[in-house]
Amino acid sequence: MTLVLALVLHAMAYGSILALAAQGEVLAERAGVVDLGVEGLMALGAVLAVIVADATHSPWAGCLAAAAIGAAGAAAFGCATVILGASQTLCGVALTLLGLGASGVLGHSVAGRPVTATLPQWTLPGLSSGSPIGPVSSQGPMVWIAFLILPLILHVFLFRTAPGLALRAVGEAPASADASGLPVIRIRMLAVSAGGALAGLAGAAMTLSVLPVWSEGMIAGRGWIAVALVILCGYRPVLAALSSLFFGFVMSLGFFGQAQGWPVAPPLMNMSPYVVTILCMIVPSILFPKLRRLWAAPAALGAPYRREER
């Protein structure tokens, strides 16, 4: 039971990183923009959170800085793709490479140094460490934000509000949305920037809560998994959170397997999250072809929109 509890705790912690980034990408892709720069934005958010938190002795200042750099990086990506019409794929890969390189340079002075200003633990109201679910009731704030607060907010926003309907309309039929008076470019820019802010916040969650230390390469492909989760969850924020929890469990199995000395080669355990990602993308579509329509991408996803082409 101790091992199971530890697995659950780690799954929630590691899954929260993926959940924040994936739900941010849901916003961008619902608006019709594929941002493949999530990996780089997470790396920038992770290192800047450490630098600012140590300088100000406030983890919340670090989180704010991480969200700001994520939003700024995504806005630059949006200027190139949404406004100028450049390739979203090429610009996204370029943003990832830029973010990874810049984070390595920025984090050189703090690499390997333990973070002192880490995020506190939050206990759900009415629960305590002595409750039936025990220590699971007390987690870092990013866990509760990623799995409870944010999915609810995004679900209500996307499917129960007029601005959410406008965002989805821009992702499905931007020309029709423009003809009805919706500011397509502005909506897409706001969605991409908000998604980038959540990607930066995901990086901050990693270095200020889950693994309180910065080291180059520590994001280790989690941004790419978050992008894949958006497709897997059918572009729905609640399903993105649940999928992230599952992948957090897969990641935790690899760490625990090595710690417990399971008779499996460490490289195989390390690659398990990525193998599971590929399998989850392929197997359901083969076994359940009728479900493909539930995973259908927004009709205008990845397509630039220029008003003069109407």
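These notes go through a predicted model, from its overall layout down to single residues.

1. Overall layout. The protein is built from eleven helices and two strands. Along the sequence these elements come in the order α-α-α-α-β-β-α-α-α-α-α-α-α. The protein has 310 residues, and 50% of them count as buried.

2. Contacts along the chain. Take the contacts between residues at least 6 apart in sequence: 77% of these join residues at least 24 apart. The points below give particular examples of contacts.

3. The nonpolar core. Which residues have the most contacts inside the largest nonpolar core? They are Met42, Leu208 and Phe247, in a core of 80 residues. Helix 8 gives the most to this core, contributing 14 residues. Setting aside residues up to four places away in sequence, Phe247 touches Leu18, Ile225, Leu229, Leu232, Pro273, Val276, Thr277 and Cys280.

4. Helix 3 against helix 8. Two packed helices are described by the angle between their axes and by the distance between those axes. For helix 3 (residues 59–83) and helix 8 (residues 184–210), the axes come within 6 Å and cross at roughly 145 degrees. The crossing of helix 3 and helix 8 is right-handed. The residues of this contact divide into 18 nonpolar, six polar and one charged.

5. The salt bridge. How many salt bridges does the structure hold? There is one. Arg113 forms it with Asp54, and the closest N and O atoms of the pair are 3.7 Å apart. Arg113 sits in the loop between helix 4 (88–106) and strand 1 (122–123), while Asp54 belongs to helix 2 (residues 38–56), so the pair ties together parts that are 59 residues apart in sequence.

6. Asp54 has 16% relative accessibility and counts as buried, because the cut-off for buried is under 20%.

7. Gln88. This residue lies in helix 4. Gln88 has a relative accessible area of 5% and is therefore buried. Not counting residues up to four places away in sequence, Gln88 touches Gly32, Val33 and Val34, then Phe77 and Thr81, and also Gly302, Ala303 and Pro304.

8. His155. Helix 5 (residues 141–160) contains His155. With 29% relative accessibility, His155 counts as partly exposed. Leaving aside neighbours within four places in sequence, His155 is in contact with Arg160, Pro237 and Val238. His155 and Val238 are 83 residues apart in sequence, yet their C-alpha atoms are 6.8 Å apart in space.

9. Gly164. What is the relative accessibility of Gly164, a residue of helix 6 (residues 162–172)? The value is 0%, so Gly164 counts as buried. Apart from residues up to four places away in sequence, Gly164 touches Phe157 and Leu158. The C-alpha atoms of Gly164 and Leu154 are separated by 8.7 Å, and these two residues are ten residues apart along the chain.

Terms used:
Residues numbered from 1 in each chain as written. Predicted model: local features only at pLDDT ≥ 70, side-chain atom pairs only at ≥ 80, totals over all residues. Heavy atoms only, no water. Buried < 20%, exposed > 50% of the residue type's maximum accessible area, 1.4 Å probe, protein only. Contact = heavy atoms within 4.5 Å. Axes fitted to C-alpha atoms, helices over the stretch in contact; angles between N-to-C directions. Helix = DSSP H or I, 4+ residues; strand = E, 2+ residues; numbered from the N terminus. Left-handed = near helix turned anticlockwise from the far one by under 90°. Nonpolar A, V, L, I, M, F, W, Y, C, P; charged D, E, K, R; others polar. Core = buried A, V, L, I, M, F, W, Y, C linked by side-chain atoms within 4.5 Å. Salt bridge = Lys/Arg side-chain N within 4 Å of Asp/Glu carboxyl O.
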